[in-house]
Each structure stands twice: as C-alpha cells, then as structure tokens.
Amino acid sequence: MKDDSLASLAGKHFILATDLDGTFLGGSDEDRRALYDWIEENRHSIGLIFVTGRDPQFIRGLCDGGVPWPQFVIGDVGTTIAEVTADKHIEPIADLEHEIASLWNDSGEKVRAALDGHPGLTLQPTDFRYRVSYDLDPGAFDRAAIDTVDEMGLDHLISDNRYFDVLPRGVSKGPSLKRFVSYMGVSPQRVLAAGDTLNDLSMIECGLPAVVVGGAEQALIDRVSTLPHVHTADAVGAAGILEAVRAFDLHETP
C-alpha cells in the first residue's frame, strides 16, 4: 500500500491532518470553498488526512456531498486508521489497527454494562468497533464514571463538555496520527494538525506543527496556547487552517 502512487503521502510537499466539525467544516461558505478549491487544485503537492471523531459512514456521505475526499482517515477518535481506496472505500490498515484492537480487547459490552444508567450519560446508538461513546449532560454527570473506566484499564475523553468517549488505553487522535506519520515515512515537519476542541488535544500537543482555529473551545486554547509548535488562529474554521499554513510557510496559499 505504501508504494501506491495514488495513496502515498511520502512525495507530498505538505500534508493537512484535520479535524472536521468546527475545523475543516468550520467558518463561512466562502472560507470553506477557498480551502477546498486550493486543496483540489494542488492535489499533486498536498496530502489530506481526516482526523476525526466521526465514523467512515459519515465521511462517505460528507465527501459524496462535495467536501474533498481525504487520502486517509484517522476516525472514531483515533481508533480507526484507514486508507481511502481509488473506488472511494474506506479500508482499515491492519498493520496499524492490530494494536488498537488488542488494547480494546472486545470491551464494548463490558463498558456498556458498567455505565448503563449512569447519571448524565446517554449511550450513542452507533456501534463503534473500538470505542463506546455517550452524549454528556454536564449538570447531571457523576464523575464516578471516570473511576469505573479507569478500573477497566481504559481511557475516557470528555470533549466540548457534551461528549464522553471510552477508548483503548493510550489511544486517541494524537498517538494514532504520530504512528501513522511514522508508518508512512512522512517528515513530521511537513504535517499540519488542525483542531478546535478538547478531543483534538492529543494531536495538537503531539509535536507536529499545529493550529487551533478561531472559534475553538476555550479549554483547548488554554492548554496549548503557549506551545511553540502551535499557532492559535484568529480566523475561524477553514480560514484558520490557511492562516496557519501561511504562518508556518508550509505551502503557497491563495
């Protein structure tokens, strides 16, 4: 797979690894169109990775609706690592998912049973492979759920003060992105990680050039604004991505 010229990132001058909601999909219609057109016009030199809490089914619908197709997807908050094939199927990369599956150890039913009826948590209906996700009511939430997850040897992630994810220990967007970049033989300094909420924290902190776009969750800004490899953008969403590409001089921009 890594030798496939249609899929390989190694020859790209610049690679965007971006969250979707509020980031790649954020900002005005005009700003999104400027970013998307720029990517499409420079496919020979720009690689695109979606790093998102969304699942492959959502991404297929999104891209069929006019959003640029990525070459790779790090989805489900880092628990899916997949290639987008030439016929637009999103195919997991077994070499990179083996460790994730092992760490998860078929824990879905155990997690759902342990957190069933827990105050402030409403189970999301999607049956993810290596995570369990809940809608969170912060006013009703009992933080004993965190202890429950810890005791099972798993990690929790609260983002935007309204989502609660249970993940394999040590697996999230940042670690999965770094493993992927290493696996693909890509220079880390040519990758820009872009996000806007706390579920992007691990990839913003992981050491790659990074941007927190305008309009981001304040808790994320507070955590990363002093890091030298992070650009805190004024421009919102898609425009903030282009602002960071210019700030880091990663590629010619419109």
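**Entry 1: Leu242.** I started with Leu242, which counts as buried because its relative accessibility is 5%. Buried means under 20% relative accessible area, exposed means over 50%, and partly exposed is in between, with a 1.4 Å probe and protein chains only. Leu242 sits in helix H10. Helices here are DSSP runs of H or I with at least four residues, strands are runs of E with at least two, and both are numbered from the N terminus. Which residues is Leu242 in contact with, leaving aside neighbours within four places in sequence? I found Ala34, Leu35, Trp38, Thr253 and Pro254; contact means heavy atoms within 4.5 Å. I also checked Pro188: it is 54 residues from Leu242 in sequence and 18 Å away in space, C-alpha to C-alpha.

**Entry 2: what I'm looking at.** This is a predicted model, where local features need pLDDT of at least 70 and side-chain atom pairs count only at pLDDT 80 or more, while totals for chains, interfaces and linings use all residues. Residues are numbered from 1 along each chain as its sequence is written, and side-chain values use heavy atoms, with hydrogens and water left out. pLDDT is the predictor's confidence in each residue, from 0 to 100. The protein chain averages 94, and 97% of the residues score at least 70. Over residues 1-7 the pLDDT is below 50, and I noted 15 contacts for this stretch in the model, beyond near neighbours in sequence.

**Entry 3: the rest of H10.** H10 covers residues 237-248, so to speak of its span I looked up the ends: 17 Å from the first C-alpha to the last for 12 residues, close to the 16 Å expected at 1.5 Å a residue. The expected span is 1.5 Å times one less than the number of residues. Its buried residues are Gly237, Ala238, Ala239, Gly240, Ile241, Leu242, Ala244 and Val245. What covers them includes strand E1 (14-18), helix H1 (20-24), helix H2 (29-41) and strands E10 (191-195), E11 (210-214) and E12 (230-236). I picked out Ala239, which is in H10 and counts as buried at 17% relative accessibility.

Entry 4: Most residues other than glycine have a negative phi. Just after H10, though, Asp249 takes a positive phi of about 55 degrees. Asp249 is exposed, with a relative accessible area of 67%. Val77 also has a positive phi, about 55 degrees, although it is not a glycine. I found Val77 in the loop between E3 and strand E4 (80-84). Is Val77 buried or exposed? Val77 is buried, with a relative accessible area of 1%.

**Entry 5: strands E2 and E3.** In a regular strand the side chains alternate between the two faces of the sheet. In E3 (residues 72-75), Phe72 and Ile74 point one way, Val73 and Gly75 point the other way, and all are buried. Strand E2 (residues 46-51) pairs with E3 in the parallel sense over 3 bridges; two strands pair if DSSP finds at least two bridges between them. Val51 stands opposite Ile74 in E3.

**Entry 6: Thr18.** Thr18 is in strand E1 and counts as buried at 0% relative accessibility. Not counting residues up to four places away in sequence, Thr18 touches Thr23, Phe24, Leu48, Ile49, Phe50, Val51, Ala194 and Ile241.

**Entry 7: the cores.** A nonpolar core is a set of buried Ala, Val, Leu, Ile, Met, Phe, Trp, Tyr and Cys residues joined through side-chain atoms within 4.5 Å. The largest one has 47 residues, and Ile49, Val111, Leu115, Phe164, Val166, Leu177 and Phe180 touch the most other members. Helix H7 (residues 173-184) gives the largest share of this core, 4 residues. I followed Phe180: leaving out residues up to four places away in sequence, it touches Leu9, Ile49, Phe72, Ile74, Ile81, Ile93 and Leu96. Apart from this core lies another, of 31 residues, including Leu35, Leu62, Val67 and Ile90.

**Entry 8: helix H6.** In H6 (residues 144-151) the buried residues are Ala145, Ile146 and Val149. Seen down the helix axis they fall within an arc of 100 degrees, so they line one face of H6. The arc is that of the directions from the helix axis to the C-beta atoms. These residues pack against strands E6 (121-123), E8 (154-159) and E9 (163-168).
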